[in-house]
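Reader: I am new to this structure and would like to learn how to read it. Please take me through its features one at a time.

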Amino acid sequence: MEARAAASNNGLLLKLELHSDPKLLSPVRGALERLTEVLGFPAPECRSVTRAVDEALTNIMRHCYCGQLDQPIEVFCSRVRRHGAVGPDEGLEILLCDRGPPVDPAKLRGRRLDEIRPGGLGLHFIRQSMDIVQYRRARGTNQFRLVKYFNPLKSHSNC
Amino acid sequence: MQISARYIDKATIFDISGDIDLANSPEVRKALLREVRENRTPRVVMNLSKVRYIDSSGVASLVEGLKASRDLGLRFILFGLSNSAREVLQLSRLIRIFEVYDNEDQALAS
C-alpha cells in the first residue's frame, strides 16, 4: 500500500493506493481514523467515516474484483467546502476508484433491515454514516464519492 | 484477529481480540458454526471485549451463528461490546435480536 500526504493540492489531504487485499483494510482504517481526528471530527463521526470507507472498500474487493487480491484501488481524501443556509461549511470528501466492471446501480440500494439475515448491511452502514454517497462510472473506473460535513444539513445519495 | 475457546459448565466462550473484518470474518464464522452444529453446546458466548472494530461481514458471521443456534434450540450470547461494535449492531437494528450483556459474569448468570 502506498500513501501520499499533501498539505494542500486542490484540497487533497491524503491519497492511498492499495491492492484489493482484505489484509490492507486495517491499515486504511488506521489512516482514516487519524485523518478524521486531525480534521477535528468528534469521535463517533471519526468511527462513522472510517466505517463507511472500510465498507466501501470491502464492497469493491468482494463485488467489483470478486475476491481477486491484486487489483488496484485508489482512495483520495480531500477537503470540501459548501455554502449552506447557515454559512460556509467544510467537510471531508473521500473518492474511491476501482477498475472493476461497471456496477449495476440497482444493486446499490441495499436491503430492508427488518429481514434478519447475514449480508447486505455494508451499504446501509455507508449511507447512515455519510452526508453524501454517490456512484458514477468515468473513464473505465467505478468512482464512489463519500462526503461528511462538520455541520450536516441534508443527506444526499444517488445509490 | 485471534480467536480461542474456553469451556465453562455448559457454555463455550469464544474470546476474540483484534478487528473483525473481511480478512478474518470467515474464520470467525467457521469456528462459530462448527461449535454450534457439531458440538451443540447449549450456550455459545462471544467475548467481544477486545474487539475494537467489527464490519458488516463480521456482523453477518454473528447473525449466522445466531440463526444456527436458534435452529437447534441453543442460546447465542454476546458480551463486552465496544462503542464501535455496539454502533454497528444499532445501525443494523440487530442489537435487539441478540442477547447482549455487559460482562462475562452477567452472560453466564443469564
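Author: Begin with a single side chain: A:Arg34 has a relative accessible area of 44%, so A:Arg34 is partly exposed. Buried means under 20% relative accessible area, exposed over 50%, and partly exposed in between (1.4 Å probe, protein chains only). This is a predicted model, in which local features need pLDDT of at least 70 and side-chain atom pairs count only at pLDDT 80 or more, while totals for chains, interfaces and linings use all residues. Residues are numbered from 1 along each chain as its sequence is written, chains are lettered from A and ligands numbered from 1 in the order in which they are written, and side-chain values use heavy atoms, with hydrogens and water left out.

Reader: Which side chain does A:Arg34 meet in a salt bridge?

Author: A salt bridge is a side-chain nitrogen of Lys or Arg within 4 Å of a carboxyl oxygen of Asp or Glu. Here the partner of A:Arg34 is A:Glu37, at 3.4 Å from N to O. A:Glu37 is partly exposed, with a relative accessible area of 45%.

Reader: Where do A:Glu37 and A:Arg34 lie?

Author: An α-helix has 3.6 residues a turn, so residues three or four places apart point the same way. In this case both A:Glu37 and A:Arg34 lie in helix H1 of chain A, three residues apart, about one turn of the helix. Helices (H or I, at least four residues) and strands (E, at least two) are DSSP runs, numbered from the N terminus.

Reader: How do I read the interface between chain A and chain B?

Author: The size of an interface is often given as the accessible area lost when the parts come together. Buried area is the accessible area (1.4 Å probe) that two parts lose on being put together, summed over both. For chain A and chain B this is about 2,100 Å², 60% of it on carbon and sulfur atoms. Contact means heavy atoms within 4.5 Å, and 24 residues of chain A are in contact with 22 residues of chain B.

Reader: How many salt bridges does the rule find across the interface of chain A and chain B?

Author: The rule finds five. Among them, A:Arg47 and B:Glu87 meet at 2.6 Å, N to O. A:Arg47 lies in helix H2 of chain A and B:Glu87 in helix H3 of chain B, so the pair joins two chains. A:Arg47 is partly exposed at 24% relative accessibility, whereas B:Glu87 is buried with a relative accessible area of 17%. B:Arg52 forms a salt bridge with A:Glu33, with the closest N and O atoms 3.4 Å apart.

Reader: Which elements give two or more residues to the side of chain A that touches chain B?

Author: They are helix H1 (25–39), helix H2 (43–64) and helix H3 (122–129) of chain A. H2(A) gives the most, with eight residues.

Reader: Is H3(A) largely enclosed or open, and why?

Author: Six of the eight residues of H3(A) are buried, so H3(A) is largely enclosed by the rest of the structure. The buried ones are A:Gly122, A:Leu123, A:His124, A:Phe125, A:Ile126 and A:Ser129. They pack against H2, strand E5 (132–138) and strand E6 (141–149) of chain A, together with helix H2 (56–71) and helix H3 (83–91) of chain B.

Reader: How many aromatic pairs does the rule count?

Author: Rings of Phe, Tyr and Trp (its six-membered ring) pair if their centres lie within 6.5 Å; planes under 30 degrees apart count as stacked, over 60 as edge-to-face and the rest as tilted. By this rule there are three pairs over all chains. One of them, A:Phe41 with A:Phe150, is stacked, at 4.2 Å centre to centre and 15° between the planes. A:Phe41 lies in the loop between H1 and H2 of chain A and A:Phe150 in the loop between E6 and strand E7 (156–157) of chain A, so the pair ties together parts that are 109 residues apart in sequence. A:Phe41 counts as buried at 5% relative accessibility, and A:Phe150 as partly exposed at 27%.
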